[in-house]
Amino acid sequence: EGMHEALISSLARIGKELRVISRTSAVQIAREGKTIPEIAAQLGVEGVIEGSAMREGDQVRVTVQLIDARDDSHLWAESYDREFSSALALTREISRSVAEQIRLVLSPEREQLLADTRSVDSQALDLYLSGMQHLNRITLPDARTAVQLFQASIAADPNFARGYEGIVRAYRQLMTVLWSDPLGELLPKVREAASQAVELDSDLAYANALLAQARWYIKFDWVETEASLARALALEPVNVGVLDEFSWFLQSSGRIEEGLALMERAVAADPLNPVTRTKFGWRFYYARRFERAIEEANRIIEMAPGFALAYDLLGSSYWLRGDLDAAYNAYYQYHERTGRRIHVTSGTRSPQQQAGAMYDKLVRGQRLTRLYRDYEAASAIQQAYRAHRRQGRGRCVAAMTQVIQEQVSHGRFISR
């Protein structure tokens, strides 16, 4: 799975001219036993790359073939025998060959991105590939195991940039997909690991994107964050993770349509992944387009009935639309699958009492994001705090109270 992920990442570096489907969607549809033309029709692609990897000791043989999906004809095939430590560099060599076969002319910049021939310690690579295998299962035990494997990987080879990037991926999954670890606890670790990854390999797109996001959450430097995310997207224009991070940043900046457009690109590259589609649904939720969020949640449930996070999205969307019975039913399904309870309320304390409590948290350096079903509301209150904190507690709390009242009037319910 790690080799598959690495090859897709290398193919993504070819540029916008080549639309590459993500590993998750590719694996999902491959399990359905469909023919190549059926797969291509469902994913909207013209070609399919099949491959296999066999390892024997320190040697690996990778066989790749390019198939024209329109008539299931073989266009090209090649076998590569390499040392296992050069396996990741081999994925870039394969990507150059694919570009040549489909007659894409690479720019000098793209050639440079695909020219990396660095090898890595065999044990470090083995641990990294095992970590990716666990991470792709998207469960809490597997994510924690992945962190341990990635840490062992960089212990075996401290210069292995992808090992650090793997740690960042795992932390990100724990924070924003599995919701198991507080944002404030992991963000410094994300920034540290991402910084190490980018320092060792400045062309790792996803590491660049997560480093930008971590700095944004900590420093709120909007200009620097957007520039860094734009560079990450330029490195890999169809990287689903980068599109997701950039989309969230734009939406948080108030550029709703731009954020949705990027997330649509992410879904196009990863159409069968319930995690990607759920994030797409949350974008509609935060844009106050609850009907579209409900529509997307139901689509995900139809595609993956056991996927708990879709019920969280569905319940939250029904709640703010005012359909409390439907929200309860969705939240019950979420609880049945996860054991977790969702508590969403407009609060029993007055807005002024809530503002005072939030002021005290912010003074202590705590963040409000985890208190809300709506991050936009948390951001607005924090902005009021930063604008008035030098005027004393009374005036600052009054300004925050006004913002809370505005958020409640817009249907943004604040959790106690």
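Trainee: What follows α4, and what is its phi like?

Mentor: Arg-103 follows α4, and its phi is positive, near 60°. This is a predicted model, where local features need pLDDT of at least 70, side-chain atom pairs count only at pLDDT 80 or more, and totals for chains, interfaces and linings use all residues. Residues are numbered from 1 along each chain as its sequence is written, and side-chain values use heavy atoms, with hydrogens and water left out.

Trainee: How many of the 15 residues of α4 are buried?

Mentor: Eleven, so α4 is mostly covered (buried means under 20% relative accessible area, with a 1.4 Å probe and protein chains only). Among them are Arg-92, Thr-91 and Ser-95, along with Leu-88 and Ile-94.

Trainee: And α11, which residues are buried there?

Mentor: Thr-225, Leu-229, Ala-232, Leu-233 and Leu-235. Looking down the axis of α11, these buried residues fall within an arc of 155°, so they line one face of the helix (the arc is that of the directions from the helix axis to the C-beta atoms).

Trainee: What sits at the start of α11?

Mentor: A side-chain oxygen of Asp-221 comes to within 3.4 Å of the backbone nitrogen of Val-223.

Trainee: New topic: what is the mean pLDDT of the chain?

Mentor: The mean is 83, and 89% of the residues reach 70 or more (pLDDT is the predictor's confidence in each residue, from 0 to 100).

Trainee: Where does pLDDT stay under 50?

Mentor: Residues 369-373 are one such stretch, and over residues 411-416 the pLDDT is below 50 as well. Where pLDDT is low, the predicted coordinates should not be read in detail.

Key:
Buried means under 20% relative accessible area, exposed over 50%, partly exposed in between (1.4 Å probe, protein chains only). Helices (H or I, at least four residues) and strands (E, at least two) are DSSP runs, numbered from the N terminus. A polar contact is a pair of N or O atoms within 3.5 Å; within protein, one must be able to donate a hydrogen and the other to accept it, and residues adjacent in sequence count only if both atoms are side-chain atoms. Contact means heavy atoms within 4.5 Å.
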